[in-house]
2 protein chains.
Amino acid sequence: MVDNALDQLLPQPEGPSGKVVEAMRYSISAGGKRVRPILLMAACDTAGGDHSQVLPAACALECVHTYSLIHDDLPAMDDDDLRRGKPTCHKAFGEAVAILAGDALLTYAFELMAHQDLGKYAAPQTVLRAVAVFAQAAGVSGMVGGQTADILFEGKPIDAETLAFIHTHKTGALIRASVEMGAILGGATHEQVQKLKGYGTALGLAFQVVDDLLDVVGDQEKLGKPVGSDIKNEKATYPALFGIEEARRKATSLKDEALACLEKFGPEAEPLRAIATYVVKRDR
Amino acid sequence: MVDNALDQLLPQPEGPSGKVVEAMRYSISAGGKRVRPILLMAACDTAGGDHSQVLPAACALECVHTYSLIHDDLPAMDDDDLRRGKPTCHKAFGEAVAILAGDALLTYAFELMAHQDLGKYAAPQTVLRAVAVFAQAAGVSGMVGGQTADILFEGKPIDAETLAFIHTHKTGALIRASVEMGAILGGATHEQVQKLKGYGTALGLAFQVVDDLLDVVGDQEKLGKPVGSDIKNEKATYPALFGIEEARRKATSLKDEALACLEKFGPEAEPLRAIATYVVKRDR
């Protein structure tokens, strides 16, 4: 459903700037897990909404996630050649077009948030609230802030507090926002939004701890990227600081914390529960 | 007024990611002309609104303009060392932080569009309409599309049609959007928005033609950047394609076209009229 919506909603390559749209579509269709759009849709349903009505917002999250991967892979950042088993955007299209494709995807995300279909489903002030949550989570007080710290602390000794900052900001913020935006757009009460935010916060951190673990113990074939890149880049990670066993325990306890936040919800929260279990068990 | 608002509204550098906020503030405070924020505020007044109530949107435009300069200056793009007489962002902070500062400014622009002060002044659906205009003009169907074509056609023979595409998209779209967003937020009627869009479209093109001219005949001291960089980078420009005299005539006729769009407005449009004259006469 998300893949179809992305294909429908993204622009078509045409005219003198068609190359950048090709690059946007190349990276979007490289086959991510679509975790963030699915979280938004599942949270929307959990709050009593209809996930089929919030697809522009779901796709907007994937646009922001994909832009962040394109820019993170650049030579000046992590300098990665492979992503999901395919050449990274700058390897396929050159650095200039890759930078622009990232910029275009980030901007397009907010074009999607102002999409008329979303405005027909949710009240304009509800959509604006979701825009505010989205921009805060994606920007300097969220994902970009986390990526900055991650880059600046490469190869430097790092304490648990800084590592927590990087984790909660770099990956955690956008995953939490996916759940929160879905809750808001689905019409959740204030208390429901708080519970679902708690779920998203724990899940986001679990996601990153597992990501770090997979870089140490994962299967290169399944991941579609070389393992050990964090060690190569001297990145601060949970397993590096606390060891593999403690990292596994941490991931499990975060999953339990996420599930506890869903206690007051009924069967409508089953997809969110399944996602929490999947995130910790996944091998790619 | 815009400078004060930018200083107030931008985040403060703190914590492990403070460096990227420093870089954002460094580039924002490098002293641009603030043409886009001023256009938004003047258009708001022209439509019967109050420019002091739309400062978050005005600052959002300057954030997007500044991010575009930071990314355009990168080694993979135009590779410029100086901007407004100061080292470019990547020269001062390194490439990784410069890319992230651009990303952060672009994202922050949409955080500002969702600012509560703006939501208190204009109806939520009006703000969302402005967000849609903004994102379209900044993204692949506007500024990013123009920058892509500009980069891809460097050093290649170019026809008048492609040059017009680059001009109307790279600079024109955001300038037009500044006026259109101001009109929308100021409560303009449909007909008023159309007239002001016409003004913004002509002005945006005039602005770029004059920019190209200044790169040939301008004063390096006043511009704060080396002249002749378009020729060095084999950029397509209006003077290169049509000659200096024809470019000057074009700029003047576009100014007249812009002024004609304001005919039905009274003295409240005087600032917009003055800006049109300034844009064509400016020497920096």
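Student: What do the buried residues of H9(A) pack against?

Tutor: In this predicted model, they pack against helix H4 (55-73), helix H8 (124-138) and helix H10 (160-185) of chain A, together with H2 and H6 of chain B.

Student: What makes helix H9 (residues 143-152) of chain A "mostly covered"?

Tutor: Let's set it against the cut-off. A residue is buried if 20 or more other C-beta atoms lie within 10 Å of its own. In H9(A), nine of the 10 residues are buried. Among them are A:Met143, A:Val144, A:Gln147 and A:Asp150.

Student: How many residues does each chain bring to the contact between chain A and chain B?

Tutor: Chain B gives 46 residues and chain A gives 46 residues. On the side of chain B that touches chain A, the elements with two or more residues are helix H2 (18-28), helix H6 (95-113), helix H8 (124-138), helix H9 (143-152) and helix H10 (160-185) of chain B. H6(B) gives the most, with 12 residues.

Student: Which classes of residue make up that side of chain B?

Tutor: There are 29 nonpolar, 13 polar and four charged residues on the side of chain B that touches chain A.

Student: How do you know that the same surface serves both copies?

Tutor: Of the contact residues of chain B, 100% recur in chain A.

Student: Now to another pair of helices. Why are H11(A) and H16(A) called roughly parallel?

Tutor: Two packed helices are described by the angle between their axes and the distance between the axes. The axes of helix H11 (residues 190-217) and helix H16 (residues 270-281) of chain A come within 9 Å and cross at roughly 20°. Angles under 35 degrees count as roughly parallel, and therefore H11(A) and H16(A) are roughly parallel to each other.

Student: Is their crossing left-handed or right-handed?

Tutor: H11(A) passes H16(A) in a left-handed crossing.

Student: Which residues make the contact?

Tutor: From H11(A) come A:Tyr199, A:Leu203, A:Ala206, A:Phe207 and A:Val210, while H16(A) brings A:Leu272, A:Ala276, A:Val279 and A:Val280.

Student: And what is the make-up of the contact of H11(A) with H16(A) by class?

Tutor: That contact has nine nonpolar, no polar and no charged residues.

Key
Residues are numbered from 1 along each chain as its sequence is written. Chains are lettered from A and ligands numbered from 1 in the order in which they are written. This is a predicted model: local features need pLDDT of at least 70, side-chain atom pairs count only at pLDDT 80 or more; totals for chains, interfaces and linings use all residues. Two residues are in contact if their C-beta atoms, placed from the backbone, lie within 7 Å. Helices (H or I, at least four residues) and strands (E, at least two) are DSSP runs, numbered from the N terminus. Ala, Val, Leu, Ile, Met, Phe, Trp, Tyr, Cys and Pro count as nonpolar, Asp, Glu, Lys and Arg as charged, and the others, Gly among them, as polar. Axes are lines fitted to C-alpha atoms, for helices over the stretch in contact, and angles run from 0 to 180 degrees between N-to-C directions. Angles under 35 degrees count as roughly parallel, over 145 as roughly antiparallel, 65 to 115 as roughly perpendicular and the rest as oblique. A crossing is left-handed if the near helix is turned anticlockwise from the far one by less than a right angle, and right-handed if clockwise. A residue is buried if 20 or more other C-beta atoms lie within 10 Å of its own, exposed if 12 or fewer, and partly exposed in between; C-beta atoms are placed from the backbone.
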